[in-house]
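Thank you for sending this structure for comment.

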Amino acid sequence: MSDFASRLIAWQKSHGRHDLPWQNTRDPYRIWISEIMLQQTQVATVIPYYQRFMTHFPSIASLASADEEAVLTHWSGLGYYARARNLHAAARQIVARHQGVFPASVEAITALPGIGPSTAAAIAAFAFGVRGAILDGNVKRVLTRCFGIEGFPGDKAVEAKLWTLAESLLPEAEIERYTQGLMDLGATLCTRAQPRCGDCPLSAQCVARRDDRIAQLPAPKRKKTIPERQTVMLILRRGNEVLLEKRPAQGVWGGLWSFPEVAPEAVLNSHLQTRFGVQAARVAAMSPLVHTFTHFRLTIRVLVVWVNKPGAAAGAMWLDRFDAHGAALPTPVRRLLDLLD
Ligand code: SF4
């Protein structure tokens, strides 16, 4: 076994994480849900969502038979909603193609919607003891530092090199502990800022530490300016109620409930009349909200519009503004609801 693997395994035994709610189980369903939730999301944020999700959808069958609205509602606030839609689609695929039994091979797991090769390998290791390499953001950071790998890890050539390296380091046995050890080390010691090298089991062999290059590795992506977009949201109010509209399945916040959007150049009163059959009794502007997506930054101008009569439109509903929190909402809509007086 490589020094790298044996040190990591020994460290995981004594210093790794052992009591997270998705550990100490071989249930692939529980492991799968946790792995998807943990993508781009911190453990502390995930735990309450995970526990609520597992209470509502305790099995593949219950997730597959739920409607998408319910799944999105229980995901609401975690962000990256494609993850929830893919989970739901994958559960249905497992029922349809695998008789409801989670597949055990990395290839079959990777064929499910929303599961990349690293996540598939992690699930296969934890649930079935299958030997395979993982390579998420944390692991890329550990490997680039420990082995002094140059270049941005998201570049194809660098990533290919990291996969080869990750596969060459795999131990013959104890794959679960090794995989968990890599994850734990990346999350708790070899953090992006101020890694705790003094406590690290790999410090004796770490190139970045030896060459004083920790701040330069992994190399950052070449900077691109992020595009700016603008929109206007209308918070239609009638007494304590607000109007929410279901967004189309495709596109930003697909399938979630949102305040209606209007083009910045639209004439407000004629839009209200045509779209909802209402007229504004009073209009007030709230401070704009800025929401950053992976690929662009959205500035949301917000108009609060009080109306006198209950206009309606297909795909829209009036809800008590406190009850509205129970709907599947994108984060900015939730923030705006909190800001209403
Ligand atoms: S010695 Fe420091 S930089 Fe190197 S792997 Fe360990 S924590 Fe990361």
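This is a predicted model: local features need pLDDT of at least 70, side-chain atom pairs count only at pLDDT 80 or more; totals for chains, interfaces and linings use all residues.

1. Domain arrangement. The domain assignment divides the chain into domain 1 (3-216) and domain 2 (228-339). Taken over C-alpha atoms, the centres of domain 1 and domain 2 are separated by 36 Å.

2. Extent of the interface. Between them, domain 1 and domain 2 bury about 760 Å², with 42% of this area on carbon and sulfur atoms. Glu69, Ser76 and Tyr81 together account for 52% of the area that domain 1 buries against domain 2, more than any other three residues. Contact involves 8 residues of domain 1 and 13 residues of domain 2.

3. Polar links across the interface. There are 6 residue pairs in polar contact between domain 1 and domain 2, and the count of salt bridges between these domains is 1. Helix H5 (residues 68-75) provides 3 residues, the largest share of the side of domain 1 that touches domain 2. A salt bridge joins the side chains of glutamate 69 and lysine 246, at 2.5 Å from N to O.

4. Glycine 129. This residue is placed in the loop between helix H8 (117-128) and helix H9 (137-147). The C-alpha atom of glycine 129 is 9.0 Å from that of alanine 173, 44 residues apart along the chain.

5. Cysteines. Cysteine 200 counts as buried because its relative accessibility is 17%; cysteine 206 also counts as buried, at 14%. The structure holds 0 disulfides.

Notes
Residues are numbered from 1 along each chain as its sequence is written. Side-chain values use heavy atoms; hydrogens and water are left out. Helices (H or I, at least four residues) and strands (E, at least two) are DSSP runs, numbered from the N terminus. A disulfide is a pair of cysteine sulfur atoms within 2.5 Å. Buried means under 20% relative accessible area, exposed over 50%, partly exposed in between (1.4 Å probe, protein chains only). Domain bounds come from an automatic or database domain assignment. Contact means heavy atoms within 4.5 Å. Buried area is the accessible area (1.4 Å probe) that two parts lose on being put together, summed over both. A salt bridge is a side-chain nitrogen of Lys or Arg within 4 Å of a carboxyl oxygen of Asp or Glu. A polar contact is a pair of N or O atoms within 3.5 Å; within protein, one must be able to donate a hydrogen and the other to accept it, and residues adjacent in sequence count only if both atoms are side-chain atoms.
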